[in-house]
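Please look over the sequence and the model shown below.

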Amino acid sequence: GEGPSIYITDPEGNTVELKGPPHEADDPAIRESTTIDDAYPLDGGCTCRNVRYRITTKPLFVHCCHCRWCQRETGTAFALNALIESDRVQVQRGAPVTVDTPSNSGRGQKIVRCPDCHVALWSHYAGAGDALKFVRVGTLDDPDRMPPDIHIFTASKQPWVVLPPDTPAVPGYYDSKRYWLAESLERRRAAFPAGTPRPPVR
């Protein structure tokens with residue numbers, strides 16, 4: 001059955017009420033990162049290959065987002081984003097451009113694209129600013145290396161999408177301290193030194 005409501009803050013600063021049936025992979029005792037973390041760096045780029053980038057370490061966490069906004073922006077059922085510190089993503093070739101794009105919070109997001117083929121490479125959300133990139137996993141040369149650590153906003157997922165039982169899934173956003181590994185939480189704290197704006201961790 002449904003558990004008690006939980007209120008958390010998403011990356012854009014919205015307060016979100018979470019409620020819904022528990023997912024069998026929600027137990028912290030069985031949680032571990034699904035990201036394959038050997039043999040970094042990883043390279044990626046746009047379709048025309050005019051922009052190439054490199055991820056130097058494993059990401060903090062990988063979201064598979066099923067919200068309506070991601071469905072509309074990608075033209076498909078979900079977006080797969082790897083959260084990582086911006087200085088761990090290095091542009092190897094080309095000059096990607098930033099496109100200001102509306103977001104559900106009204107605060108907007110910045111989508112970084114190839115100036116030629118316009119493929120989206122990563123985003124910056126208002127809550128994290130320029131400190132974190134949300135890298136589009138599908139633009140990696142080997143996207144199989146970054147399966148999702150969690151499925152979010154599943155309340156609006158397409159009905160034909162079947163979620164794997166061994167990956168956490170939540171109806172809205174989620175509590176980072178519950179799902180992120182301690183190493184990733186520490187890296188996020190380091191990305192936002194004392195006195196600088198930082199996304200909520202609760």
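A residue counts as buried under 20% relative accessible area, as exposed over 50% and as partly exposed in between (1.4 Å probe, protein chains only). By that rule tryptophan 122, at 3% relative accessibility, is buried. The model is a predicted one, in which local features need pLDDT of at least 70 and side-chain atom pairs count only at pLDDT 80 or more, while totals for chains, interfaces and linings use all residues. Residues are numbered from 1 along each chain as its sequence is written, and side-chain values use heavy atoms, with hydrogens and water left out.

Start with the sheet. Helices (H or I, at least four residues) and strands (E, at least two) are DSSP runs, numbered from the N terminus. Two strands pair if DSSP finds at least two bridges between them. On this basis seven strands make an open sheet with mixed pairing, in the order β8-β9-β10-β11-β6-β5-β12. Its edge strands, β8 and β12, each pair on one side only. On average, neighbouring strands of the sheet are turned by 30 degrees against each other, direction ignored; the axes are lines fitted to C-alpha atoms, for helices over the stretch in contact, and angles run from 0 to 180 degrees between N-to-C directions.

Within the sheet, β10 and β11 (residues 132–136) run antiparallel and are joined by two bridges. Serine 123 has phenylalanine 134 of β11 as its bridge partner. Tryptophan 122 is located in β10, and its C-alpha atom is 4.1 Å from that of valine 135, a residue 13 places away along the chain. Contact here means heavy atoms within 4.5 Å. Not counting residues up to four places away in sequence, tryptophan 122 touches a set of residues that includes Val89, Val91, Ile111, Val112, Phe134 and Val135. Tyr53 is also one of the residues it touches.

What aromatic pairs does a search of the whole structure find? It finds seven. Rings of Phe, Tyr and Trp (its six-membered ring) pair if their centres lie within 6.5 Å; planes under 30 degrees apart count as stacked, over 60 as edge-to-face and the rest as tilted. Tyrosine 53 and tryptophan 122 form an edge-to-face pair, with 5.6 Å from centre to centre and 90 degrees between the planes. Because tyrosine 53 lies in strand β4 (residues 52–55) and tryptophan 122 in strand β10 (residues 120–125), this pair ties together parts that are 69 residues apart in sequence. Tyrosine 53 is buried, at 1% relative accessibility. Tyrosine 174 and tyrosine 179 are another pair: their ring centres are 5.8 Å apart and their planes at 80 degrees, so this pair is edge-to-face as well. Tyrosine 174 is buried at 0% relative accessibility, and tyrosine 179 is buried at 3%.

Two tryptophans have an arginine over the ring. A charge sits over a ring if NZ of Lys or CZ of Arg is within 6 Å of the ring centre and within 35 degrees of the ring normal. Arginine 188 lies over the face of tryptophan 180, 4.7 Å from the ring centre. Arginine 72 lies over the face of tryptophan 69, also at 4.7 Å from the ring centre.

Valine 170 is placed in the loop between β12 and α2 and is buried, with 6% relative accessibility. Leaving aside neighbours within four places in sequence, valine 170 is in contact with Ile150, His151, Ile152, Phe153, Thr154 and Tyr179. Threonine 101 is buried, at 18% relative accessibility, and touches Glu73, Gly108, Gln109 and Ile111, not counting residues up to four places away in sequence.

Some backbone details remain. Most residues other than glycine have a negative phi, and most peptide bonds are trans. Phenylalanine 153, in the loop between β12 (150–152) and α2 (176–179), has a positive phi of about 55 degrees. Arginine 49, in the loop between β3 and β4, has a phi near 70 degrees and is partly exposed at 44% relative accessibility. Tyrosine 40 and proline 41 are joined by a cis peptide bond, with omega about 10 degrees. Proline 41 is found in the loop between β2 (15–18) and β3 (42–45).
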